[in-house]
Amino acid sequence: MDITLRDIRKTFGHTDVLRGINLTFRSGTVTVLLGPSGSGKTTLLNIVAGLVPATGGHVLFGGQDVTALPVEARHIGYVFQSHALFPHLTAAGNVEFPLRVRGVGRGERRQRARDALAIVEMAHLAERDVSTLSGGQRQRVAIARALVANPDVLLLDEPLSALDPQLRDRIREELRALLEPLPVPVVLVTHDQHDAFVLADQVVLLHGGEVAQLGTPQDLYLRPANETVARFLGIASYLADDEGNRRLVRPEDLELAADDGPCDVVLRIERVQFLGDRQRVTGSTPDGDAPIIVDVSKAARVAAGELARFRIRRNGRTMPVAAQASHLVGPGY
Amino acid sequence: MTLTRGAAVMLLLFLVAAVLVPAAQVLRTSLTDAEGSFTIAYYAQVLADPYFRSSLIGTMVFCAATSVAATLLALPAGWRIGRGGRGAVYLRAFCQANYAFGGIAYGMLVVTLIGNVGLVPLAEHALFGTEWTKGVAYTVPGLVIAYFGFQIPRAALLLAQAIEKLDPRLLDAARTLGASPVQKTLLVVLPLLRGALTSTVLSTFLISLASFGVALLVSRKLTIYAVAIYKEFMAFSEFGSAAAMAVILSVSAVLAAVAARRFAGRTDMAGL
């Protein structure tokens with residue numbers, strides 16, 4: 001069952017939070033709503049859930065208009081940022097909850113809760129008080145609880161933001177493995193591009209209450225629709241070529257040129273940061289003012305104040321935006 | 001530091017002068033006969049007397065029952081005050097004003113409304129020619145209404161404190177999991193408020209036990225124990241018996257509080 005949003009608008013007071021969103025979330029697809037704070041991504045998720053009413057537009061579940069349906073009648077699974085597990089129930093009690101409210105018998109709901117906890121590898125902690133579980137364990141219980149009643153859509157609000165960085169990397173992989181085989185639309189909100197790239201089949205980048213770009217993670221990173229998208233998805237510098245096209249370069253797109261070899265751009269190095277596995281160089285072209293950021297190997301000899309010669313890697317992208325003064329040098333420099 | 005220590009000493013002196021000394025004096029009076037000798041005769045007398053015994057039991061049962069009912073009836077008001085919304089500010093102000101009224105004011109309100117010449121009986125007589133509501137204030141239902149008058153607003157404020165602390169995401173979670181409003185209340189809200197409900201019932205019960213003004217004005221069918229103590233002391237000058245009854249009432253209140261705490265168990269997710 002696909003989820004379709006038609007011209008969704010939301011206004012808080014005099015502020016337009018969402019301005020006519022049209023999207024489709026397909027079954028078996030993980031869609032990540034990505035965007036900075038205030039972009040409207042959580043509001044949009046809550047409108048799909050029914051927790052927040054839309055000011056205008058329609059939400060359709062498989063063609064059925066559910067805009068006026070209360071949240072409890074929409075048959076959704078929702079994983080909250082804080083997990084929102086019921087503290088008076090055990091892990092199994094939490095997972096049984098959606099079955100209990102649907103009138104499923106005790107024996108069947110116990111079995112189904114056990115099965116759901118087994119999928120998230122939490123069956124051995126079924127009778128534990130949820131307050132004694134770690135952040136990652138609580139998240140898995142929350143996912144099992146959201147899935148146990150076979151919802152029509154699974155919604156996740158910043159599911160990784162409460163986790164510490166090391167745990168986050170591991171849980172991100174686990175979450176991907178859990179979400180991948182689900183036969184329902186999965187919609188996940190995050191402000192973290194790494195989460196989006198690892199988890200998403202499709203990314204919706206929201207900015208200022210509008211869809212700035214929709215596409216695969218590769219589309220957004222390699223072919224950003226505009227400078228806002230490019231900058232949100234990582235460090236983005238721009239070089240202009242002889243034809244006046246602006247070329248987007250990521251830090252990994254430039255490499256130091258051999259002393260006697262050709263080069264594409266010369267930078268005056270302004271700052272060098274040691275990042276452990278690499279060095280990040282900030283520099284500018286001799287006639288340019290916009291800083292260019294490049295990652296070089298940790299062993300490369302670079303120092304502030306020097307000129308350095310770089311080549312653009314073969315996978316460098318061209319992003320034709322407004323023409324600017326040329327900073328690219330000819331191949332024979 | 002000196003100021004804190006000075007304040008502590010003052011507080012201790014006040015506690016000794018205002019509470020411990022009078023309490024010790026009441027205890028001494030209850031255990032001393034006319035000749036000044038130690039005795040437990042007053043306790044034996046009031047505990048053996050069917051009138052006093054039934055008054056004590058009746059008062060405990062009445063206060064417990066009305067406290068439980070008032071706490072449940074106060075839930076919607078407590079919810080509105082705690083969660084906010086239209087009228088929440090006025091509701092809170094009304095409930096807070098309740099503290100200024102005092103029990104005797106509620107007794108007077110009930111008499112004015114449903115006493116022998118209250119507004120309701122007069123209206124009933126004028127409209128229908130009947131007298132069903134005449135003197136209801138002096139019956140047990142009238143006493144219940146009068147007690148509810150001060151119990152419900154206080155219970156609502158106590159519950160509101162706990163409801164303010166309830167995590168709204170838990171309520172949203174219940175809804176996303178398919179719980180109807182009734183299921184959300186029964187399966188999430190009430191269990192989470194269990195500690196607060198117990199505390200509220202207990203506080204209301206203790207306030208009700210000590211409430212004197214309401215019962216003095218409207219209680220005819222049921223002898224509230226505090227009123228019985230008052231009569232022993234003021235009307236009959238039976239100081240020993242009155243003192244023994246006061247001690248028995250205090251001990252009963254403490255025992256009831258301990259029992260309620262044990263009954264509440266360990267769950268106190270949103271306790272006061």
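The UniProt annotation "domain: ABC transmembrane type-1", taken from an unreviewed entry, covers residues 56-260 of chain B; UniProt positions follow the numbering used here, feature names are shortened, and annotations may be inferred rather than shown by experiment. The model is a predicted one, in which local features need pLDDT of at least 70 and side-chain atom pairs count only at pLDDT 80 or more, while totals for chains, interfaces and linings use all residues. Residues are numbered from 1 along each chain as its sequence is written, chains are lettered from A and ligands numbered from 1 in the order in which they are written, and side-chain values use heavy atoms, with hydrogens and water left out.

Over residues 56-260, chain B is 82% helix and 0% strand, and the end C-alpha atoms sit 18 Å apart. Helices (H or I, at least four residues) and strands (E, at least two) are DSSP runs, numbered from the N terminus.

Now for a helix pair in chain B. The axes of α4 (residues 88-114) and α5 (residues 119-128) of chain B come within 3 Å and cross at roughly 10°. Axes here are lines fitted to C-alpha atoms, for helices over the stretch in contact, with angles running from 0 to 180 degrees between N-to-C directions. α4(B) and α5(B) are therefore roughly parallel to each other (under 35 degrees; over 145 is roughly antiparallel, 65 to 115 roughly perpendicular and the rest oblique). On the α4(B) side, T112(B), L113(B) and I114(B) meet L119(B), V120(B) and P121(B) of α5(B), contact meaning heavy atoms within 4.5 Å. Sorted by class, this contact has 5 nonpolar, 1 polar and no charged residues (Ala, Val, Leu, Ile, Met, Phe, Trp, Tyr, Cys and Pro are nonpolar, Asp, Glu, Lys and Arg charged, and the others, Gly among them, polar).

As for aromatics, the structure holds 7 aromatic pairs over all chains. Rings of Phe, Tyr and Trp (its six-membered ring) pair if their centres lie within 6.5 Å; planes under 30 degrees apart are stacked, over 60 edge-to-face and the rest tilted. F197(A) and Y221(A) make an edge-to-face pair, at 5.8 Å centre to centre and 80° between the planes. This pair links distant parts of the chain, with F197(A) in α6 (residues 193-199) and Y221(A) in α7 (residues 217-222) of chain A, 24 residues apart. F197(A) is partly exposed at 24% relative accessible area, whereas Y221(A), at 19%, counts as buried (under 20%; exposed is over 50%, partly exposed in between, with a 1.4 Å probe and protein chains only). In chain B, F62(B), Y147(B) and F150(B) form one aromatic cluster.

Chain A as a whole has 8 helices and 17 strands, and 52% of its 333 residues count as buried.
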